[in-house]
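Subject: A structure to look at, with notes

Dear colleague,

I am passing on a structure that I would like you to open and look through before you read any further.

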Amino acid sequence: MGEFPVGHAHTHHDGHDHQAGGHGGHSHGVSADADRRWLSLALVLIGVFISVETAIAFVSGSLALLSDAVHMLTDAFSIVLALVAMRLAARPAKGTYTFGLKRVEILSAQANGLTLLLAAVWLAYEAVVRLLHPPEVTGWMVLATALTGVAVNLAATWCLSKANRASLNVEGAYQHILNDLFAFIGTAVAGVVVMTTGFARADTIATLFVVVLMVKAGCGLLRDSGRILLEAAPAGLDPDAIGDRLAAAPDVAEVHDLHIWTITSGEPALSAHVMVHPGGDCHAVRRGLDALLAEAYGVTHTTLQIDHEDHAPGAAAVPASAGAGPATPHCANGHGPTHRREPHAH
């Protein structure tokens, strides 16, 4: 591409490394080649055990076993959603869905988090009722089933550890099953207590332990998926610090309208309007900023609009030394602070 004359306003959109293959090798969240076989195997293990545990829970009168079964049901649900999201995310972007369907996994993570919280509310209510009026619990059934649950959860956790955990859903399911492992250990302890002391409320106390784990996991999923849906900057990327570093690059006069968000799990994106000093090489600036973002922050999906400072579209020229504010009005409604070399407010 030929160089523009100095002072001519122009735009560069660099979403990818333009090599053969188009994407330059960067990851797009849930990969199409994620190992669905491991997730499917974990789903089968969990599904079979849920059926057995639910039956034993009703026979033994154990709320702890029933709460474990409900928790595992949400885990199975999250794995199903992850498998569906993998297939949808692998579809190419087209039509009005310019990013494809990559955020399906984020929507399913929201659904999974809400399901966990709703189930936790129901189990907490049942636990309080049983604390006041404890039913008779068959301790040996609780203990035997809980020990079997520990073995099943260890196997399912191992399966999920083999799968691609870049997806928020897959990682969420992995963490849920780890929580289930601890919950089954607590249930096993409750079974021992019931068998040795007859203290039936131990079963309900174990249920409350499971409720705490469910609330923790549900809130975590809602928080992480909510940040993505609200276009918050990814954890670990400070927009102010990044803006200041971009503004300090050679030939850069200022950076404004800086946006950093997450398209889907593990895929950060950045866009910004960059003003270059008169006479600066806008192409070299763009290449330098792309390299800086990739090497220092791991952000390779970028869109940078580059303009010369003294010829911003629709605005009169204003020298860079005129003050700490923006050199020229760049749009009717600016988004976020303007970053310049000199001290400025964020």
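Predicted model: local features only at pLDDT ≥ 70, side-chain atom pairs only at ≥ 80, totals over all residues.

Residues are numbered from 1 along each chain as its sequence is written, and side-chain values use heavy atoms, with hydrogens and water left out.

**Overall fold**

The protein has eight helices and four strands, where helices (H or I, at least four residues) and strands (E, at least two) are DSSP runs numbered from the N terminus. Along the sequence these elements follow the pattern α-α-α-α-α-α-α-β-β-α-β-β. Of the 346 residues, 47% count as buried; here buried means under 20% relative accessible area, exposed means over 50%, and partly exposed is in between, with a 1.4 Å probe and protein chains only. If you take the contacts (heavy atoms within 4.5 Å) between residues at least 6 apart in sequence, 74% of them join residues at least 24 apart.

**Two helix pairs**

Two packed helices are described by the angle between their axes and the distance between the axes. The axes are lines fitted to C-alpha atoms, for helices over the stretch in contact, and the angles run from 0 to 180 degrees between N-to-C directions. Angles under 35 degrees count as roughly parallel, those over 145 as roughly antiparallel, those from 65 to 115 as roughly perpendicular, and the rest as oblique.

Helix H1 (residues 36–60) packs against helix H4 (residues 139–162) at an angle of about 165 degrees, with their axes 9 Å apart, which makes H1 roughly antiparallel to H4. The crossing of H1 and H4 is left-handed, a term used if the near helix is turned anticlockwise from the far one by less than a right angle, while clockwise gives right-handed. Among the residues that make this contact are Trp38, Leu45 and Phe49 of H1, together with Val152, Trp158 and Lys162 of H4. By class, the contact of H1 with H4 has 17 nonpolar, four polar and two charged residues, where Ala, Val, Leu, Ile, Met, Phe, Trp, Tyr, Cys and Pro count as nonpolar, Asp, Glu, Lys and Arg as charged, and the others, Gly among them, as polar.

H7 and helix H8 (residues 282–297) pack at an angle of about 140 degrees, with their axes 11 Å apart, and that makes H7 oblique to H8. Here the crossing is right-handed. On the H7 side the contact involves Ala241, Ile242, Arg245 and Leu246, which meet Leu289, Leu292, Leu293, Ala296 and Tyr297 in H8; these residues divide into eight nonpolar, no polar and one charged.

**Salt bridges**

Side chains of opposite charge can pair when their charged atoms come close. The structure holds five salt bridges, each being a side-chain nitrogen of Lys or Arg within 4 Å of a carboxyl oxygen of Asp or Glu.

In one of them, Arg103 meets Glu231 with an N to O distance of 3.2 Å. This pair links distant parts of the chain, 128 residues apart, with Arg103 in the loop between helix H2 (63–89) and helix H3 (104–132) and Glu231 in the loop between helix H6 (201–229) and helix H7 (239–247). Arg103 is partly exposed at 22% relative accessible area, and Glu231 is partly exposed at 39%.

Another salt bridge joins Glu309 to Arg340, with their closest N and O atoms 3.5 Å apart. Glu309 is buried at 2% relative accessibility, and Arg340 is buried at 3%. Glu254, Glu309 and Arg340 are linked in a network of salt bridges.

**Two positive phi angles**

Most residues other than glycine have a negative phi. Asp251, however, has a positive phi, near 70 degrees; Asp251 lies in the loop between H7 and strand S1 (252–264) and is partly exposed at 36% relative accessibility. Asp257 has a positive phi near 50 degrees, and Asp257 is found in strand S1, where it counts as buried at 14% relative accessibility.
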